[in-house]
Structures are given as C-alpha cells and as structure tokens.
Amino acid sequence: MNTFYQWPPCKNCESIFPRAVLIKRICNLANLEVKVVNTPLPKPGPDFQATLENRLMGLPYLEMDGEKFKSSRQIWDHLLRSIKDNKVKHRLIRSDSIYSFITQQWSNECFINSLVYARWKKEENFQKFIVNVDFGSHTNPESIALLRKYILKYLSRTTIGELPTEAYQKLIGQQFSSLARVIEEQEFFEMFAKYPTLTDLYVFMVVQGFMSPDLEESKWIEETYPALMRWYRNMETLTQVNPPEHFLGD
C-alpha cells in the first residue's frame, strides 16, 4: 500500500500544507491508491521542539514502491517510470508541460505565501481556521502557539511576510485578478489545453486553501471571480479520486 504522510486537513481543504494538496491530486490523476496518514503535532515534553522541527522539514512525503518521495517532480517521474497502464501514463505525459513553468514557479514560491499569510498571520482568520484542524488529542494551546511561531518565522523571510494588511490585500487582489483574466476565455491555464496540466495543479493547491470558509477571503473570491470559480470547480471534479475519464479525454 502506498502511504502519504501529511499535515492534517482543515475545513474544505485536504491539508494545511498546500504542496500536500498538489501531491494528492497528482496521485489521483495517476489512479494511484494511497493511504493518507494525517500526522499530529508531537506530544508535549522535552523532545517536542526537536520533533516539531523535524516534521516541519520532513512533511509531506509519499512512501511508494519501498521508497520515500518528497517532491512532486520526484513523484511524477517515478510514476511515469513505474505505471504499466498506458492510458494512465498518457494522461500524465500530456499533463506535463514546460510552457507555463513560470506560473508553476510563481505559485510554488510566491502565491503560496499569500495563503500562509491569510491563514497564519491574519488574526481573525487564524482563530477560525485553527479550530477546524485536528492536530491530535494531546495538542494544547502552547504547542499550537509554537507551531504558529515557526510558520510566521518562515513567512518573515519572504517578500510578503512583513506587509501590513492593506498592502497584503492589494497584492492578493492583483494576484487573483491576474489569474481570473488568464482563465476568463480558456478552460485551463495552459492555452489550448483540454485537460488539467501541472500548471493547473500548482495554482489549484493554493486556491483550494483560500476557498476554506474559515478565511474571510473565500467569499470575496467566490463573488468577484466567476471565471476562476468555474475553473476551480472543474478542477475539483477532474482531479478527484477516480476522475471522470470522458472529461479527461481517455
């Protein structure tokens, strides 16, 4: 059995770690059966901080065919080498495009930090978001506070980390408006694509997090960007477990 170890989900989102969403959806497209293990916070005690740091660096990862894979590219390449079903292999090959590498990189290194800011730095969002995350029965306010401290320390090293709320709101307005403009007259983020590509999956991993009703941004996004919501709902369907083959053109 393939086993995927990740941070736990939150409301309407498969994991609080966006790249876990990306990896899980890649597995769905590959028709790979995966057991998901939601890793709790460490138990309180003298080893708590060291164990937490280790998990922050180590998660998520996928155990597959006796090996451990951490990056989406490692997983993608291994699946292409190991999958025997030609139809599924073709689905992956045609979804891997270099044409929007810059969009993928932007999602993975910039857009993702907007979501981190929304969840972990905005106080009202954080208080609503955190109560819907199950970190294990032994979790206490002190362990949650330390986890938040680590995440905000990471965020402070990014461009967005020190922005005041007004500047952050202006930035995500520009980000979502740009995405909505691109997707307005096409089905997917790769021009002329008839099926989800890796570019779509990278954007999706962040947008799914923003659509949690625990974030005040979710209602604004849904009301302001109908074209982006059309794409998002389509992606939810096409990259779910056992995606509909007729939509994917198999």
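Analyst: Start with Asn125. Leaving aside neighbours within four places in sequence, Asn125 is in contact with Ala118, Arg119, Asp214, Leu215, Glu216 and Glu217. Contact means heavy atoms within 4.5 Å. This is a predicted model, where local features need pLDDT of at least 70, side-chain atom pairs count only at pLDDT 80 or more, and totals for chains, interfaces and linings use all residues. Residues are numbered from 1 along each chain as its sequence is written, and side-chain values use heavy atoms, with hydrogens and water left out.

User: Where does Asn125 sit, and is Asn125 buried or exposed?

Analyst: Buried means under 20% relative accessible area, exposed means over 50%, and partly exposed is in between (1.4 Å probe, protein chains only). Asn125 has a relative accessible area of 2%, so Asn125 is buried. Its place is in helix H6, residues 123–130. Helices (H or I, at least four residues) and strands (E, at least two) are DSSP runs, numbered from the N terminus.

User: What does Thr51 count as on that scale?

Analyst: Thr51 counts as partly exposed, because its relative accessibility is 26%. Thr51 lies in helix H2, residues 48–58. Thr51 and Leu41 are ten residues apart in sequence, and 8.7 Å separates them in space, C-alpha to C-alpha.

User: How do I read a helix pair? At what angle do H1 and H9 pack?

Analyst: Axes are lines fitted to C-alpha atoms, for helices over the stretch in contact, and angles run from 0 to 180 degrees between N-to-C directions. Angles under 35 degrees count as roughly parallel, over 145 as roughly antiparallel, 65 to 115 as roughly perpendicular, and the rest as oblique. H1 (residues 18–29) and H9 (residues 198–210) pack at about 135°, with axes 8 Å apart. H1 and H9 are therefore oblique to each other.

User: Which residues make the contact between H1 and H9?

Analyst: H1 brings Pro18, Arg19, Val21, Leu22, Arg25, Ile26 and Leu29, while H9 brings Leu198, Leu201, Tyr202, Phe204, Met205 and Gln208. Sort residues by type next. Ala, Val, Leu, Ile, Met, Phe, Trp, Tyr, Cys and Pro count as nonpolar, Asp, Glu, Lys and Arg as charged, and the others, Gly among them, as polar. The contact of H1 with H9 has ten nonpolar, one polar and two charged residues.

User: What is a nonpolar core, and which residues have the most contacts inside the largest one?

Analyst: A nonpolar core is a set of buried Ala, Val, Leu, Ile, Met, Phe, Trp, Tyr and Cys residues joined through side-chain atoms within 4.5 Å. The largest has 76 residues, and Phe210 and Trp231 have the most contacts inside it. H9 gives the most to this core, with nine residues. Beyond its neighbours within four places in sequence, Trp231 is in contact with residues including Ile183, Phe188, Val203 and Phe204.

User: How should I read the backbone?

Analyst: Most residues other than glycine have a negative phi, and most peptide bonds are trans. Now the cases here. The peptide bond from Leu59 to Pro60 is cis, with omega near -5°. Pro60 is in the loop between H2 and strand E3 (61–64).

User: Which residues have a positive phi?

Analyst: Asn12 is one of them, with phi near 65°. Asn12 lies in the loop between strand E1 (2–6) and H1, and counts as exposed at 54% relative accessibility. Phe192 has phi near 75°. Its place is in the loop between H8 and H9. Phe192 is exposed, with a relative accessible area of 72%.
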